[in-house]
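Here's a quick walk through this model, one chain at a time and then across an interface. Have the structure open as you read.

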Amino acid sequence: MAEIPLTHGLLLAVILFALGLLTVLARRNVVFILMGIEIMLNAAGLAFVLGGARWGAPDGQVLFILILAVAAAEVSVGLALVLQLHHRFGSVDVDAARQMRG
Amino acid sequence: MTLAWLIAIPLGGAVLAWLAGGFAGPWPRLIALAALALDLALALSLCWNHPLSLALPGNDSWLMRLDLPWIPRFGISLLLAVDGLSLILVLLTLVLGLVSVAASWTEIRARVGFFHFNLLATLAGVIGVFLALDLFLFFFFWEVMLIPMYFLIGIWGHENRVYSTLKFFIFTQASGLLMLLSIVALALVHQRQSGVLSFSYFDLLGTSLAPDSALLLMLGFFLAFAVKLPMVPFHTWLPDAHTDAPSAGSVILAGVLLKSGAYGLLRFITPLFPEAAAQFTPVVMALAVIGILYGGLVAFAQSDFKRLVAYTSISHMGFVLLGVFAWNELALQGVVVQIIAHGLSTGALFIIAGALQERLHTRELARMGGGIWSLAPRLSAVGLFFALASLGLPGLANFIGEFLVLAGAYQTSAGVTAVAAAGLVVAAIYALWLVQQAFHGVAPQGLALADLDAREMTVLGVMIGLVVWLGVNPQPVLNLAAPALDGLQQLANI
Amino acid sequence: MTATDFLALSPWLALTAAVLVVLLVVAIHRDHRTTTALAVIGLVASLLLVPLAAGSAPRTVTALFSIDGYALFFLVLVVLAALAVSVLAFGYCNGCEGRYEELYLLLLASTLGAAVLVASRHFASLLLGLELLSVALFALVAYPVHQKRPLEAGVKYFILAGVATAFLIFGMALVYAQLGALDFPAVAAQLTASALAGQPYLAAGVALIVAGLAFKLSLVPFHLWTPDVFEGAPAPITAFLATVSKGAVMVLLLRFLLGSGAHGSANTLTALALVGIVSMLVGNLLALMQRNLKRLLAYSSIAHMGYLLVPLTAGGEFAIETVAYYLAAYFIMTLGAFGAITIYSAPANAGELDDLEAYRGLFWQRPWLAGVFTAMLLALAGMPLTAGFVAKFYLFTAGADARLWALLGALIIGSALGLFYYLRVVVVMAGTPRQQEAPPKSILAGNVTLAALTILLLALGLYPAPLLDLIRHTSLGVLP
Amino acid sequence: MIYDALWLVPLLPLIGFVCLTLLGGWLSRRAMAVLGVGSVALATALAFTIGYTFLTRPPATGHCTEVIGSWLAVGNLHVRFGLYLDALALVMMLVVTGVGLLIHLYSATFMAADSGYRRYFAYLNLFVASMLMLVLADNLLLLYLGWEMVGLCSYLLIGHDYADPVNGRAARKAFVVTRIGDAALLVGLLLLLAHWGTLQIQPLLGLAAQGWANGSALATVAAALLLTGAVGKSAQLPLQVWLPDAMAGPTPVSALIHAATMVTAGVYLIARLHTLFELAPAVQHAVAALGALTLLLASCSALLQRDIKRILAYSTISQIGYMFLALGVGAYAAALFHLMTHACFKAVLFLSAGVVINALDEEHDIYHMGGLGRQLPGTSLAFLTGAASLAALPLVSAGFYSKGLILAQTWNAPGMGVWLWTGGILGTLLTAIYIFRAFFVAFLGRPKSHARCGATAAEAVALVVLAALSVTAGFVEIPAGLGGGVQAFTGLVASALPPGPQPAHTGNLPALLELIASLTAVAGVLTAYYFFRYRPPAATAAGAHPITAAVGRLWQSGWGFDWAYERLFVRPLVMFTRANRHDAVDALFTGIAAGSRALHRGLSRTQTGRVRWYAAGIACGSFILIALMVLP
């Protein structure tokens, strides 16, 4: 199998990251925003794996697993908040929650 | 330790006065009076105990010194020292402190304890400024005295007090930060040269600087002092602060706080940066003269008694600035006398303005209606006296100051001095206009006005006595200041 | 891991144990007092173990932690802050409806996260600490879920922190991909100015890491979340957010930047200086006419973090001392200020008293509280007598030593602006009260905390020498 | 020695002032009068004793010095409270105390109805003390102290009746205008101090005479500055505008301060420092020219005034013009002589005018008077003696001798002596016309109003003594042309002042000049008689022509100086200050504050509360950081 240049992989990760970011910026639904964040985290994970592959070290993969765990923890708290949001504001539209500004 | 006590006594008095505020009766006032009187006695004892070094010029001009370690990491110590110059200013501070306690006896009725706490704390801070010779400590006091002053104006002030007190604070603080920067930079330069980080005035004196950086560092100091003095065009905080301050606040502000600017100019600018100061002198002298004339002219247009007097302060402080930068013995002695004279005469005018406001509930000259002379001759006569002092009548203290300053400045620049002398004409215009508007004319029908009572007469009488005494016999003050000024001049001649 | 390693780690372990104990106890027996007591005991235990750990410092424990004096110093700071917040929170929640036991659990967890951050020497521990800190904070911010504002703040903080974390992790990934190392010393060894100039991915990675941390520090332009979250979160939690979270991240940033060659790169310095200048100015300007005190303090914290970029840009031994002292002072001032708001608001059944008008005449109604608040505000403004003054002096010295005139200029302008809004609050408090209020409920624990903070504030302002010596001692050897 | 008591002369009135000020509340009006008059009486007695001693047993050096104490000593500058008595100072001292005492006495009853009785006497005492300080000072700073203090007293007394703002305005005008001169004087002092290191008059003059070449630039500047001071105080061109308005003060004040003593301080100053002026010939010529010009302009103005006090005020300006003229040609003794006689006859004119004004209920307009000669014969006689003396009627008036001396010496002055003399003669004519116009209109003819009361005893005493002096004071100096050759006065002051210009050739010329002067004065009186007594319609007709009417208005308004100054200086100044009442400089700082607030509002808009916008902020920030890091 031909070696894929690192740059290509990183570019992919960047694109993935940008997609996640765009999701966060474009979608008003909190759940989608959460998904966007997940995509961004996974793009980072991909970059770690690529790095691990480049250096032939397991560190990258280890970090990826760590990221997964962290993301899971984050999402669990996040979903709880989304539930509460829906409960209080009657909507999962983030823009509904903008009492505080200025 | 005496020096530490000089600061500690008012501070202790401040706390006691605050605590005493909880009890009925005039306790805070009495405590304040007692603390200041005690401190005054202590300061006077310094005059008494060191007659020899005072009499001998050329002797080390420092009368007493105290040096305790404080923040060794930065070479900062609690370095207090007193020479004739500081001693004069401390005495002035204490006298005006007593005066302002007495002047606010009936004016301040709310939160008396806290008022006197702030008053005494301000005084303690100012005394600290005059005694501190570690630049960090100096700056510490420089800033710390602002806080209680801020409260004095902000709590017991008049209509526009919030605006005025904020303006006062921000002006002085912002310029103070520039000075802090200069202080730090100077200490660091000194550290690079000598390997020792120190903020002691005595250590920093000989620091050699590149001309450009010396000028910049000097500007940092200068701006702080110029704002405090205040120098045109940085003066606009003063009229507002004075207008809205209670009488005691105005007295302290005009009599003492402005003087800390003058003191700073004397003590630090030229001794620390002789070449840069010399280079900068023409600019400052021009600004000083502009200030003398501009302050006087704007004063003339004012309709508010205190605002008018505030602008006259700007004019008078122009003489101080002129004298400091003329930097010769005549001018410096003139500055010292002018400092005292202005403190007394302007302070008294503010007390009179306060007395009028207490009685008439206005400071607007137009609404006073004039004619006060027929109702309150004593008050009016005293007002006239201090207006005359303010316009530089010979035989009174201000004249000595202005004359010496002009005489000294003449040696530096005849042209500038000639223009400055025009300030005497302007002074006549505004001072007499004030007298005319406030005291002359016909009193409005049905206006009742109590004349000065015994307390007010005592306070103002003492001030009159001092102004006359200094006017005809300034020699004790001149003698006290001479060794210190001599020392300063020698420093600048390195 | 050896016994010595455990000894060195013991304060951290104590915190961990406290988390577990509180978790268990809450599950068994719900009691506000008990929980608070346990949390406090855990924190105190951690503090008591610090001398023990100090005996074996400096020491690298596993690849993840570096237990040195600096870490221990900040551990103490963080734990003390958490202690203060716990006590404040107790007074704040006591008497409120609802269950508040988990708050302490989350607080302890968050503290542990911060404690991990200050000692971390590896991207993994960084990530772990940061997430521990953040995830617990999401919940803390939104803890009174029945109110709208905390919930809104929680959601905002959660989303934005998630995004920022993603940036941070992506940055770490880029750095790893370029350098192949995850622990700071190894990264630092390769991360030189020339490497940064030659490898755009590496430079981008560093930039993203800085961005991720800057979010936590709410540096401009990553600051937008700060006021909303500060306003929405319960006051004690805001205090925690403003101090512990920022302090720990600042230490991390310091270790990362100053420890590596990144600091030698002109680009990095420009970026830092720029962010610093903009933060000082924008933070202060935003606070200028603000009428909500918590928002005001949020903006002020933006500015203060901007001030801290002065030593960070300056670099060198001296900068490390400066950061340590400044953070210590900042912790005290901020805890005190929010503490005053907390006590004034407590018990916060009907929302908090954070509108400026609510403070009119406070001086005459609750002189002690107003006095403390004033002292804290003056300290934030950098006035003498307080630790804030010495802290500002440190900044000036660090900046002047490195000749960062632009940064110092911004610092002066920012300070002048700062005076305006801090003093405006003081003026309002000194104004005439509008109506007579009912005598307040006295909260002993909270008042004790405030008293302690005030004493510390004044003590550090008047006689900072001992702390300076300590900091000097602890900051030796932080830089490679 | 009696000279040791010299310091008591200024001190006694000062004590009077202090007592009146401090004890005032406890004193009866009678006690106030006793205190006020008594202190000056004692000073006068002492002064005359000293004067007598000086005449009989003059000090060996012609002067004596009395040091009371040190005022200030800074570096090289030593200023002391030192008194210096020589013939010049002696004459001044005697004039001040003598006339001062009489006017105090006069005031004791004249001001009896005034509510500010105590204030009045206090100020008057202070004035006498300050004036004495001025003339006795042995150094310029002390002289300056007296100089300013008399100005202050002038201000206070002009505005004595403070209820009327007009008086206040006149008082301020007087003070401010003279202060312009004072400021110049002070700068002059500074110049002298800077160059010679002392303000002691005698050493200073010695140093200057040795150190400065004749006509050197510095000497010229110094003399010009001193002249400006003198011009202000003595109401000479171009600073004369304050004196006519100063008549708003009580009449005795006008007599004492604005006629007899204070306004002559400028003359004294120039005489005292004549050495300096001689070093600056240009300035000295200016002194003469200013004097001649002033005396003519003021005489013309006096010609058309209706207010009796304003006539006298312009007359004062004009007479001091004569003194300046004399000073300018070096006839110092003549100037001083005229100063002395002028003090007597102008005082009697004012005081008798005061009686008249009082008798007619504050009537100032001479055309509302008339026939007073019969109603107030004594007062009228006093006025007549004064008028005669002012007009320099030959032989029987003091003014004849003093003015004659001035004119004679002016003629002798090298250069433009003849022209100046012609001016002086013209002035004599005008003087005689205007003062006798006043006399004829006010005192002769049909009574137009009823005189309420005459002079009181105290007033009468003052009038009689001064009237007598107006006649006799000239006899101490009888010119050679008249055969007397009495030179008591010039002989006395010769020890202090150099002799005036001596005639280039003797012969009949001096007598001829005296004759011309005498005839001119008589012609003036006759002219006045013709126009204002014999055929008043002729005067009206002469004034009716458009050109003469216009000239008349110009003269009447004092040559339009007030008009011009009002527009050139006063109004622009007031307009500027009013416009800048709110201090334009503050706009800079309020502008900064407003700018900050605007920035605050702008930045606040970025805090939208929208999460996605915030996230965009993070993204943008990251991109900026990346750009900063990656771009070289």
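Predicted model: local features only at pLDDT ≥ 70, side-chain atom pairs only at ≥ 80, totals over all residues.

The overall dimensions of chain A are worth a look. Its radius of gyration is 17 Å, while a compact globule of 102 residues would come in near 13 Å.

| Chain A property | Value |
|---|---|
| Box filled by the C-alpha atoms, along the principal axes | roughly 55 × 25 × 25 Å |
| Buried share of the 102 residues | 39% |
| Share of contacts (separation of 6 or more) between residues 24 or more positions apart | 45% |

Now over to chain B and its helix 8, which runs over residues 161-194. From first C-alpha to last, those 34 residues reach 48 Å, close to the 50 Å expected at 1.5 Å a residue. Most of helix 8 of chain B is covered, with 25 of its 34 residues buried.

Finally, the place where chain B meets chain D. Chain B puts 40 residues into this contact and chain D puts in 37. On the chain B side, the elements giving two or more residues include helix 13 (274-301), helix 15 (329-360) and helix 22 (475-492). Helix 20 of chain B gives the largest share of that side, 10 residues. By class, the side of chain B that touches chain D has 28 nonpolar, 11 polar and one charged residues.

Notes. Residues numbered from 1 in each chain as written. Chains lettered and ligands numbered in written order. Helix = DSSP H or I, 4+ residues; strand = E, 2+ residues; numbered from the N terminus. Expected span 1.5 Å × (residues − 1). Buried ≥ 20, exposed ≤ 12 C-beta atoms within 10 Å, placed from the backbone. Rg over C-alpha atoms; globule rule 2.2 N^0.38 Å. Contact = placed C-beta atoms within 7 Å. Nonpolar A, V, L, I, M, F, W, Y, C, P; charged D, E, K, R; others polar.
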